[in-house]
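This report takes a reader through one structure, topic by topic. Please look at the sequence and the model first.

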Protein chains: 2
Amino acid sequence: MAYTIKDVAKKANVSIATVSRILNNQVGYTEETKRKVLKAIEELGYQPNAVARGLINKRTHTIGLLVPKLTSTFVTELLRGIEKVAHKAGSNVIVCHTETRGIKMMKYLQMLNEKRIDGLIFTSEVLKEEYYLYVKKMGIPMVLLSTQSDEYPVPYVKVNDRDAAYTATKYLIEKGHKEIGMLCGNKADLIAGIPRIKGFKDALNDHNIPVNENHIIFSDEFFFKMGLKA
Amino acid sequence: MAYTIKDVAKKANVSIATVSRILNNQVGYTEETKRKVLKAIEELGYQPNAVARGLINKRTHTIGLLVPKLTSTFVTELLRGIEKVAHKAGSNVIVCHTETRGIKMMKYLQMLNEKRIDGLIFTSEVLKEEYYLYVKKMGIPMVLLSTQSDEYPVPYVKVNDRDAAYTATKYLIEKGHKEIGMLCGNKADLIAGIPRIKGFKDALNDHNIPVNENHIIFSDEFFFKMGLKA
DNA sequence: TTGTAGGCGTTATCAC
DNA sequence: GTGATAACGCCTACAA
């Protein structure tokens, strides 16, 4: 079994209170006692128990990341970045794949709630009322990534899909291209569909280029293969 | 603040012990009291605190996953599968990117240890003595994924690289091909290099085909781009 | 069937 | 400067 703060205290001939102070570098002890305690910690190979700490501090230094199919390299990059920053800040990230739309989402939120995570990152899916209310009740900060919500006041980080599509299309037009095609997500997709198509068409219209619906190819999945096929 | 078992007990007019029993569906209560308690739980929207539970049960239902650069779609697939199974079993997975070889590894192991994770999956890197000893001291089960260790008795799951390369090469040979090239990892790589090259050469030799070293192209990174370039 | 009380490993508030 | 001691939220003998 792992050593506890009690073992350290005993070995260093001090009270657990003192050990705790040193561990959290607060004030109230001699350099001498500090050395003693540090030595005991070293010799025992003692590691504080984050679970116990979490119980009293009400912080677990853990954040939850809800992502859809992780197959897309885009989401993978997001995870990389998030985990990197979290680690630098002394936190870990629990990854949850909410594949089958909605079904597992509530289950995940529940698990994360029980684990008392410090915050939540919600990626790429539409924030349903049920989710929003639940997280609100959890009382932890949440941020949307690569999505946004018109209905609920939740901070988000994402690219403006309509504008991005507009800019991309405009760029090609200004390069002199006339026949421009578009590969996009599902026609009804609130994120990868509608806004991007709008940007695409807007750009064409603004440059007096007729829109050929056949030049827009839809796909439901964001696998590399799908893009290739399209 | 979230409700505790105490709130439930009070609302249901029972002791916390009874609530606990019902929560963990043990025996020792009437159907009647069970109904009462369940009703109180429902009304309060009570969710047990996994942190407190972890402290006493010594199980956190959390496992750690150490992966190298997650850019590779292979690793991404692994994560997907692992998370899926873990979730089904009621656990969560904390993902850690051990990018800069070794530097961050010990730091991660330490964090995971403090969080008292239940188990560890170690992916794609060589298991150094330092890591092995540390995890052994943690006293939790570990399994190697896509690696193996000759020095330490750690269970592993991986494809046999030498055999796989041999089989692939043999397949091409039997298809009638004579000029076979190979794209592989770093020449000295203990996983993606040496064994696969051996399999490749063995197959050629066994079929009396001369080995042309120029037909083996090495690469250090496993990005898609790198493969393309090669 | 039910409740009381001690303990899990820490932190924090008191005294001394 | 230092040490008891009461929480934190839950589980579990032990009683009743």
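## Cysteines

The sulfur of Cys96(A) lies 14 Å from the closest cysteine sulfur, in Cys96(B), which is too far for a bond. A disulfide is a covalent bond between the sulfur atoms of two cysteines. Here it is counted when two cysteine sulfur atoms are within 2.5 Å. Cys96(B) is in no disulfide.

Cys96(A) is buried, at a relative accessible area of 0%. Cys96(B) counts as buried too, at 0% relative accessibility. Buried means under 20% relative accessible area, exposed over 50%, and partly exposed in between (1.4 Å probe, protein chains only).

## How to read the model

This is a predicted model, in which local features need pLDDT of at least 70, side-chain atom pairs count only at pLDDT 80 or more, and totals for chains, interfaces and linings use all residues. Residues are numbered from 1 along each chain as its sequence is written, chains are lettered from A and ligands numbered from 1 in the order in which they are written, and side-chain values use heavy atoms, with hydrogens and water left out.

## Asn92(B)

Asn92(B) sits in strand 2 (residues 92-97) of chain B. Strands (E, at least two residues) and helices (H or I, at least four) are DSSP runs, numbered from the N terminus. Asn92(B) is buried, with a relative accessible area of 0%.

Its side chain makes a polar contact of 2.7 Å with that of Lys115(A). A polar contact is a pair of N or O atoms within 3.5 Å; within protein, one must be able to donate a hydrogen and the other to accept it, and residues adjacent in sequence count only if both atoms are side-chain atoms. Beyond its neighbours within four places in sequence, Asn92(B) is in contact (heavy atoms within 4.5 Å) with residues including Cys96(A), Tyr108(A) and His61(B).

## DNA strand D

There are 28 residues around DNA strand D; Thr18(A), Arg21(A), Ile5(B), Tyr46(B) and Arg53(B) come nearest. A residue is near a strand if one of its heavy atoms lies within 4 Å of it. Helix 2 (16-23) and helix 4 (50-57) of chain A, and helix 2 (16-23) and helix 4 (50-57) of chain B, each supply at least two residues of this surface.

For Tyr46(B) the distance is 2.6 Å. For Thr33(A) it is 3.1 Å, and for Gln26(B) 3.4 Å.
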